Amino acid sequence: MASDQDLVVETVREILTGHEPFVLTAERPWDEGLWSALAEAGLTGVGLPEEAGGSGGELADAVAIVRTLASGAAAVPVAEQLLVAGPALVAADLDLPSPEEPLTVAVDGTVSAEPSDDGDGPGRFVLTGTATDVPWAGVAKHVAVLAAAPPGIEGAVLAVVDVSGLAASSAVNLAGEPRGSLVLDGVGVPGALLTPAQAAHVRARYALTRAVQISAALEQVLAWTVQYAGERQQFGRPLGKFQAIQMELAQMAGEVTSTTALVDAAVQALGRGEATVALAAAAAKVRAGEAVERVAKLAHQVHGAIGFTQEYRLHHLTRRCWSWRDEAGTELAWSRLLGEALVAAGPDDVWPAVTAVV
Amino acid sequence: MSSNQLTLAPAPPSEAAERVRLEVREFLAQELAAGTFSTHVDTWLSGVDPEFSRKLGARGWLGMTWPKEYGGHERTAMERYAVTEELLAAGAPVAAHWIADRQSGPNLLRYGTEAQRKEILPRIAAGECYFVIGMSEPDSGSDLASIRTRGTRNADGDFVVNGAKVWTSNAHHSHYGIVLVRTGPPGEGPRGKHQGLTQLLVDLSLPGISINPIRILDGGHHFNEVVFDDVVVPGDMLLGTEGAGWHQVTAELAFERSGPERFLSTWPLLAEFGRRAAATGDPAQLAVLGRLSSRALALRQLSLRIAAALDRGELPDIPAALVKDMGTTFEQDVVDEVRRVVDVPASLDSPDPLGRALAESQLHAPGYTLRGGTNEILKGIVARGLGLR
């Protein structure tokens with residue numbers, strides 16, 4: 001990323017040095033100490049406007065924080081808060097919970113919203129149903145829920161739910177990160193009606209966020225693997241001196257560099273508020289997911305058996321990447337959405353449609 | 001990460017490039033409607049059409065980035081990128097001028113004498129003068145520095161050239177070659193053979209040159225063997241510095257390896273497949289279209305970053321190697337991925353345009369990952385960028 005973000009990256013790295021990644025368990029599903037340190041430094045509100053209670057700063061700053069935390073396998077809901085739920089609430093003119101309390105997002109499940117008649121005026125909804133695959137369920141204090149709009153109304157309802165008193169199921173992803181469900185049984189909450197395009201934008205942000213995390217994590221995986229290949233000696237020389245290994249590392253570098261280039265471009269499109277950002281996010285998510293396939297496989301191959309153990313660091317990132325590529329919409333779902341959009345302008349206009357994406 | 005040599009800054013958006021893109025699109029639509037060309041895959045190798053090249057020259061779309069005093073148009077590499085990308089995506093016949101516009105011209109600008117530039121560059125920009133690359137030889141492919149073609153100075157200071165070059169695309173339609181020859185002995189050590197190499201600007205009509213066709217898998221005649229038998233190349237046709245040929249070739253490769261022709265050779269197949277997916281609405285086909293497009297979009301971003309770096313005056317040869325490795329792999333994968341989700345046999349005689357596009361793409365496919373440096377050589381360069389060599 002641009003050098004403007006160097007300072008924020010440096011700050012996050014310093015904080016991270018005191019918080020090594022660990023194997024997540026039901027007893028310790030997240031890094032609460034790391035969250036506190038980040039919140040204390042004001043980093044959990046970056047990119048969110050000061051008048052809404054955030055710390056101010058640019059999208060690029062928030063992305064730099066998320067990238068740095070992703071490459072450090074940090075078990076905190078910062079990506080969801082800074083890049084998805086926070087901006088979505090701000091855009092919908094909903095009150096942002098205190099950035100010091102973790103906020104997450106829920107876009108899947110069966111939650112529907114009805115206008116509330118609790119007497120608190122407009123902008124209140126009653127949510128009913130189950131929100132599934134909720135990142136950091138049981139950890140986050142608030143959830144921005146994307147719920148089905150009342151019958152007859154197009155679009156969706158974005159609502160802010162305080163999860164106090166709600167039980168979360170204990171499901172986790174391949175890396176042990178909480179991904180449980182929340183049962184909403186007629187909960188009255190503040191919310192806003194979104195157009196279909198606005199709702200699609202929230203989903204796109206979520207997908208692009210996972211792509212950002214993947215691209216940062218894969219850069220780190222490549223760096224670790226290059227480093228390992230330089231240190232590990234077999235047959236009297238470092239692994240990295242063998243042509244077969246060099247080919248594998250070069251292939252990894254190609255995947256990582258391609259992914260980062262597209263993800264960066266999609267983030268810039270988001271920053272410019274371009275209408276095609278949903279397709280840019282779709283493309284970035286699909287490309288990042290495909291890169292995970294090859295990069296994680298080759299990283300483990302080069303690392304050999306040590307990389308297959310829980311005591312070695314590699315799995316903190318490869319297991320996350322294997323999960324993140326499926327989250328916020330699978331590659332198949334986003335590939336289809338992109339393919340459908342590319343032929344929508346007409347069967348002869350696929351190329352112009354592609355060049356309009358980013 | 002340790003791969004800073006692989007990472008370039010993102011390309012800033014270019015309104016000028018988007019403007020010229022639309023102009024090219026309109027021009028191509030008119031030409032297609034008028035029937036002056038039909039779409040094929042891999043047309044930067046196989047689509048020789050001097051009249052089409054002259055039309056592009058007349059519109060100012062060749063030599064775009066060169067100084068006006070040499071017939072150029074002083075536009076950005078980003079604008080040139082948009083023009084080349086549109087021509088390739090449409091499968092337009094651009095092979096005649098491609099090498100001259102892409103790398104021979106820039107090579108002359110960088111290393112040529114004033115007389116060479118004045119004489120040749122305006123003709124390239126007009127779409128009238130075509131070049132071949134004289135690098136590979138029958139016994140020297142990936143190991144380029146092992147070439148045996150010799151240039152020996154005679155009493156008049158001219159070079160007497162003997163040897164043979166192969167895979168010289170469209171030499172039978174071209175006017176000049178930039179030919180790498182050995183003019184001096186190699187030095188000591190593993191990289192010693194990089195010394196003593198020289199680039200010569202060779203008029204292909206000189207006595208002693210014979211051009212013999214080498215047919216590729218579909219029977220097409222694009223490649224040639226160019227044999228030099230005591231060819232006297234005037235001393236003032238030395239390109240750049242005698243003995244610095246290796247360095248000059250390396251610089252040329254940043255232009256040769258990074259352009260959109262390194263991932264769009266099979267785009268006309270993907271476009272035809274897009275038509276099919278639009279017609280069937282088959283979710284599996286649409287998903288493949290989306291997936292392949294996401295790869296193309298990533299490759300575009302990489303290639304655009306290189307165009308922007310060229311605008312900054314850099315010669316990013318290592319990122320160029322990476323783009324070419326990734327891009328040409330994509331060109332081949334397009335064939336594999338498409339054929340898995342369509343019930344259409346590949347045949348040049350197919351009544352179905354998709355069957356013909358599959359056939360053309362398949363028969364040209366082995367070349368994508370060989371020409372301009374094999375993907376194994378390219379990965380070696382990337383490994384060097386990673387600090388492994």
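## A walk through chains A and B

Start by selecting Arg102(B): leaving out residues up to four places away in sequence, Arg102(B) touches Phe255(B), Glu256(B) and Gly259(B). Contact here means that the C-beta atoms of two residues, placed from the backbone, lie within 7 Å. Before going on, note that this is a predicted model, in which local features need pLDDT of at least 70, side-chain atom pairs count only at pLDDT 80 or more, and totals for chains, interfaces and linings use all residues. Residues are numbered from 1 along each chain as its sequence is written, while chains are lettered from A and ligands numbered from 1 in the order in which they are written.

**Stop 1: around Arg102(B)**

Show helix H5 of chain B, residues 95–111, and you will find Arg102(B) in it. Helices (H or I, at least four residues) and strands (E, at least two) are DSSP runs, numbered from the N terminus. Is Arg102(B) buried or exposed? Arg102(B) is buried, because 23 other C-beta atoms lie within 10 Å. The cut-offs are 20 or more other C-beta atoms within 10 Å for buried, 12 or fewer for exposed, and anything in between for partly exposed, with C-beta atoms placed from the backbone.

**Stop 2: the domains of chain B**

Colour chain B by its domain assignment: domain 1 (4–130), domain 2 (133–244) and domain 3 (249–385). These bounds come from an automatic or database domain assignment. Taken over C-alpha atoms, the centres of domain 2 of chain B and domain 3 of chain B are separated by 29 Å. Six residues of domain 2 of chain B are in contact with six residues of domain 3 of chain B. On the domain 2 side of that contact, four residues are nonpolar, one is polar and one is charged. In this count Ala, Val, Leu, Ile, Met, Phe, Trp, Tyr, Cys and Pro are nonpolar, Asp, Glu, Lys and Arg are charged, and the others, Gly among them, are polar.

Next, select residues 288–386 of chain B, which an unreviewed UniProt entry annotates as "domain: Acyl-CoA dehydrogenase/oxidase C-terminal". Over residues 288–386 of chain B you will see 77% helix and 0% strand, with the end C-alpha atoms 32 Å apart.

**Stop 3: where the chains meet**

Show both chains together. Here 38 residues of chain B are in contact with 39 residues of chain A. Which elements of chain B give two or more residues to this side? They are helix H8 (267–280), helix H9 (283–311), helix H10 (317–341) and helix H12 (375–385) of chain B. H9(B) gives the most, with 16 residues. Coloured by class, the side of chain B that touches chain A has 23 nonpolar, nine polar and six charged residues. For the model, the scores are ipTM 0.96 and pTM 0.96.

**Stop 4: the domains of chain A**

Chain A is divided into domain 1 (3–194) and domain 2 (198–357). Their centres, taken over C-alpha atoms, are separated by 23 Å. Select the boundary, where 27 residues of domain 1 of chain A are in contact with 25 residues of domain 2 of chain A. On the domain 1 side, helix H3 (59–71), helix H4 (78–91) and strand E6 (156–162) of chain A each supply at least two residues, and H3(A) gives the most, with seven residues. That side has 21 nonpolar, three polar and three charged residues.

**Stop 5: the largest nonpolar core**

The largest nonpolar core has 255 residues, and those with the most contacts inside it are Leu127(A) and Ala266(A). Such a core is a set of buried Ala, Val, Leu, Ile, Met, Phe, Trp, Tyr and Cys residues joined through C-beta atoms within 7 Å. Helix H5 of chain A (residues 196–231) gives the most to this core, with 18 residues. Centre the view on Leu127(A): not counting residues up to four places away in sequence, its contacts include Val111(A), Val145(A), Leu184(A) and Val189(A).

**Last stop: two loops in chain A**

Select Asp133(A), found in the loop between strand E4 (124–132) and strand E5 (142–148) of chain A. Phi of Asp133(A) is near 50°, a positive value in a residue other than glycine. Asp133(A) is partly exposed, because 17 other C-beta atoms lie within 10 Å.

Finish at Ala328(A), in the loop between helix H8 (314–324) and helix H9 (331–344) of chain A. Phi of Ala328(A) is near 60°, a positive value in a residue other than glycine. Ala328(A) counts as buried, because it has 27 C-beta neighbours inside 10 Å.

Terms used. UniProt positions renumbered as here; feature names shortened; annotations may be inferred.
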